[in-house]
Amino acid sequence: MALCRVRSASSTLFNRLLRPSDLHNTTTYRYLSTETESLRDKMMRQMAHLDINSQIGSCMPLAAMRIGTIIHNIEVNPGQGGKLVRAAGTSAKILKEPTTSRYCLVRLPSGDEKLIDTRCRATIGTVSNPSHGAKKLRKAGQSRWLGRRPVVRGVAMNPVDHPHGGGEGRSKSSGNHGRCSLTPWGKPCKSGYKTASPKKKKKLSP
C-alpha cells in the first residue's frame, strides 16, 4: 500500500514538473506533452525495474529476471512446479542472463552452478526461517517427534544383525582379520567400491 502511494505521488510530481500550464502555443504544447509523457513512461519503467524489493515474493519466468537476483522455489522443467531451493533459509542467485541461449546460469546453495531453462519460473527472495538449522533439540524424544529413529553402530550389534557385529572388544573383523567396512547388507562401503547399478549407466550413456 505504501509503495502504491509513493508511486502515485511520484507520478503526480512528474506531471506538475514536466507539464507547463502557461504555454499558449498548442503545437508546441502538444509536442512537449508527448515528449514529456514518453520521458515519464521511461522513468517509471526504470523505477519499476530497479525496485527489486517491491517484487519480493512474486513468481515469474527466469527470462524476466536480471543478473544478481536472489531466487528460490525454482522449476526444473517448465510448468512442472518448484523443485529446487525450497528448504528453510536457502536461496539461489542468477549468474548469467539469457541473452542468446535459452538457458540461464543459476548458482545453487550447495555451490553448484546449473543451467536452467529460461521458461522455468522461480520466486524472488529467500525462503523464510533461516535459523531453522541452528535449532537444538532439547531431548531424545524431540527427535522421535520428528520421525527420526535411533542410529545404532554395527560394532555394538551381534553377528546375526550386522557384518561388524560380534568379536572381542572393538573389532569389525568378526574373526576375519583385514576385512573392510561393510553395509548391513554385506556390500563394501569404502575403497572406492562401485555402488551404481549398470542399468542406470546404460540409460545415462548416449
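Strands here are runs of at least two residues assigned E by DSSP, numbered from the N terminus. With that in hand, the model, which is a predicted one, can be walked through piece by piece. Along the sequence, Ala63 and Arg121 are 58 residues apart, yet in space their C-alpha atoms are 8.7 Å apart.

Next comes the sheet. Strands of a sheet pair through backbone hydrogen bonds, and they can do so in parallel or antiparallel fashion. In this model, six strands make up an open sheet, lined up in the order S1-S8-S2-S5-S6-S7, and the pairing is antiparallel. The edges are taken by S1 and strand S7 (113-117); each has a single partner strand, so one side of each is left without a neighbour in the sheet. On average, and with direction ignored, neighbouring strands of this sheet are turned by 50 degrees against each other. Further in, S2 and strand S5 (residues 92-96) run antiparallel and are joined by two bridges. Across this pair, Ile71 stands opposite Ala92 in S5.

Then there are the charged side chains. How many salt bridges does the structure hold? The count is three. One of them is formed by Asp117 and Arg102, whose closest N and O atoms are 2.7 Å apart. Are the two partners buried or exposed? Asp117 has a relative accessibility of 8% and therefore counts as buried, whereas Arg102, with a relative accessible area of 42%, is partly exposed.

Asp117 also forms a salt bridge with Arg119, and here the closest N and O atoms are 2.9 Å apart. Through shared partners, salt bridges join Arg102, Asp117 and Arg119 into one network.

Another salt bridge brings together the side chains of Glu113 and Arg107, at 3.8 Å from N to O. Glu113 counts as partly exposed because its relative accessibility is 47%. Arg107 is partly exposed as well, with a relative accessible area of 38%.

Technical notes. Residues are numbered from 1 along each chain as its sequence is written. This is a predicted model: local features need pLDDT of at least 70, side-chain atom pairs count only at pLDDT 80 or more; totals for chains, interfaces and linings use all residues. Side-chain values use heavy atoms; hydrogens and water are left out. Two strands pair if DSSP finds at least two bridges between them. Helices (H or I, at least four residues) and strands (E, at least two) are DSSP runs, numbered from the N terminus. Axes are lines fitted to C-alpha atoms, for helices over the stretch in contact, and angles run from 0 to 180 degrees between N-to-C directions. A salt bridge is a side-chain nitrogen of Lys or Arg within 4 Å of a carboxyl oxygen of Asp or Glu. Buried means under 20% relative accessible area, exposed over 50%, partly exposed in between (1.4 Å probe, protein chains only).
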